[in-house]
Amino acid sequence: MARKNLDLLLTVEWKDDSVVMIDQTKLPNKLVYVKCTDYKQVADAIKKLVVRGAPAIGVTAALGLALAAQQSKASTISELRTDLDAAFKVLRATRPTAVNLFWALERVMAKAKRAKTVEDARNAVLSEAKKMWEEDIQANRQMGSFGASLFRDGDVVLTHCNAGSLATVAYGTALGVIRAAREQGKRLSVIATETRPVMQGSRLTAFELQHDGVDVSLIPDTAVGHMMARGAIKRIVVGADRVLRTGHVFNKIGTYQVATLAKRHKIPFYVAAPLSTFDFESSPDEVVIEERSIDEVVKVGKKRVAPKGVRIFNPAFDMTPPELITGIITEKGVLKPPFEKSLKAMLG
Ligand code: MRU
C-alpha cells in the first residue's frame, strides 16, 4: 500500500478495523504503509522495527490488543479474557527495554478485566487504545510547550536516534520540543547522528526533519566529539525508552557517549520523555538491554563488513546516569536534578 500524500505523517492508526502503520524499514527510500489485521502481525512488526520508538511501540501494542479482541471468536467473557491473555503474552515478548510497551498493554488489560460482557470488553479495549493514541499526541505537544523555552534563537541542536513523529503517533518527543521551539519563532537547526547500526538518525530523523522543512545536517556517530570540540553544538535533546525514578535514562546505544562528551564540553543535555516512559519500580541493573542480531553489525546493506567468525556484541540501548543530564522534559514540566526529588515534587 503506497500513499502519495507526504503531509500525512501519522506513524500508526486504527483504520477500517485494522492497524495501519508506516513501514519504517523502507524509509527513507519509500513511504509505504502496512496494514495488520491480526495481533500476531502487529507483534511481528514491532519485533522487526517496522514500527519502533518507545511511545509508538506502546500505542501499537495497545491497538494490537484491540485487534485480538475483535478477532476473538469468544462467546463468553472468560473465553475472551483467555484470548486476550494469549495476545498480551505474544505482544509483551516483542521487545524488552521500552517500558511503554508494558505500560500500554497493562493499561488496556486492566480495562478488559473490568468488563462484564464480551461486547463491553471489545469496546473497552478499543476505546482505551484509541485514547492512548490521542494522549500520545497531546503529551508530545505539552512536552513541546515546556521544553521549547530551554532553546535559544539560532541554537544548533544535536539529537541521537529518532525521537520524532516516527517514534510516536505524531509530533515526537525530542523532535517535538524542537518543533515547538520553531513554532515559537526560534530558528533552530538540527544535527542528527547516523545512529549505527540500524541508522534511525539517518534513515528516519533526517527524513522526517527534511520532510517538515527543518534545517538538518547528518554526521557519523564518530564525529560527535569533534563537532562539540569545535563549538558546533549548543544543546542536545534525545528521547528515552525508560527513565527510572532516580533519573537513569535508557535510550538508544550511543546516548551515553553523547552525554559524556556533552559534560566534558559543558553542553546542556536534555531528555524528552512522557510519563509513560517512566519506570518507578526497577533499579538500573534490573532493566533488560535488548541484544539484537549480529547481522545488523556485520553487514552494511547486503555487503559484509566484518570477517566471518569474529565475536560481535550488539546491544541496542545504553544507560545514561543522572549526573550527565541537565533536565528531563515531561508533559507535566521539566525535571531538574536531583531527579528523584523533583519527580516527587512534580507528581505530588
Ligand atoms: O530501537 P528503536 O528504534 O526502537 O529505539 C528508539 C530509541 O531509542 C528512541 O530514542 C526512544 O525510543 C525514544 S522515542 C520517542
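Trainee: Which residues of strand β7 point one way, and which the other way?

Mentor: Keep in mind that this is a predicted model. In a regular strand the side chains alternate between the two faces of the sheet. Strand β7 covers residues 235-238, and all four named here are buried. Arg235 and Val237 point one way, and the other way point Ile236 and Val238.

Trainee: Which residue in β7 is the bridge partner of Leu158?

Mentor: Strand β4 (residues 156-159) pairs with β7 in the parallel sense, over two bridges. For Leu158, the bridge partner in β7 is Ile236.

Trainee: And which residue in β10 is the bridge partner of Ile236?

Mentor: β7 also pairs with strand β10 (residues 269-272), in the parallel sense and over three bridges. In β10, the partner of Ile236 is Phe269.

Trainee: Which strands stand at the edges of the open sheet of three strands?

Mentor: The order in this sheet is β1-β2-β3, with antiparallel pairing. One side of each edge strand is left without a neighbour in the sheet, because each has a single partner strand. The strands at the edges are β1 (12-15) and β3 (33-36).

Trainee: What is the average twist from one strand to the next in that sheet?

Mentor: The sheet is the open one with the order β1-β2-β3. From one strand to the next, its twist averages 25°.

Trainee: Which residue in β3 is the bridge partner of Val19?

Mentor: Strand β2 (residues 18-22) and β3 run antiparallel and are joined by four bridges. The partner of Val19 in β3 is Cys36.

Trainee: Which element supplies the largest share of the largest nonpolar core?

Mentor: This core has 49 residues, and Val19 and Met21 are among those that touch the most other members. Elements that each supply at least two residues of the core include β1, β2, α1 (39-47) and α2 (54-71). The largest share is 12 residues, and it comes from α2.

Trainee: Which elements each supply at least two residues of the lining of the largest pocket?

Mentor: The pocket has a volume of about 340 Å³. Its lining includes Leu49, Arg196, Asp295, Glu296, Lys299 and Val300. The elements asked for are α10 (295-298) and β12 (299-300).

Trainee: How many residues of that lining are nonpolar, polar and charged?

Mentor: Pro197, Ser293 and Arg292 are also among the lining residues. By class, the lining of the largest pocket has five nonpolar, two polar and five charged residues.

Terms used: Residues are numbered from 1 along each chain as its sequence is written. This is a predicted model: local features need pLDDT of at least 70, side-chain atom pairs count only at pLDDT 80 or more; totals for chains, interfaces and linings use all residues. Side-chain values use heavy atoms; hydrogens and water are left out. Two strands pair if DSSP finds at least two bridges between them. Axes are lines fitted to C-alpha atoms, for helices over the stretch in contact, and angles run from 0 to 180 degrees between N-to-C directions. On a 1 Å grid over the protein atoms alone, a cavity is a set of points where a 1.4 Å probe fits but cannot get out, and a pocket is an open set with protein on both sides within 12 Å along at least five of seven lines; lining residues have an atom within 4 Å of a point. Grid points are joined across faces, edges and corners, and a volume is the space filled by probe spheres set on the points. Ala, Val, Leu, Ile, Met, Phe, Trp, Tyr, Cys and Pro count as nonpolar, Asp, Glu, Lys and Arg as charged, and the others, Gly among them, as polar. Buried means under 20% relative accessible area, exposed over 50%, partly exposed in between (1.4 Å probe, protein chains only). A nonpolar core is a set of buried Ala, Val, Leu, Ile, Met, Phe, Trp, Tyr and Cys residues joined through side-chain atoms within 4.5 Å.
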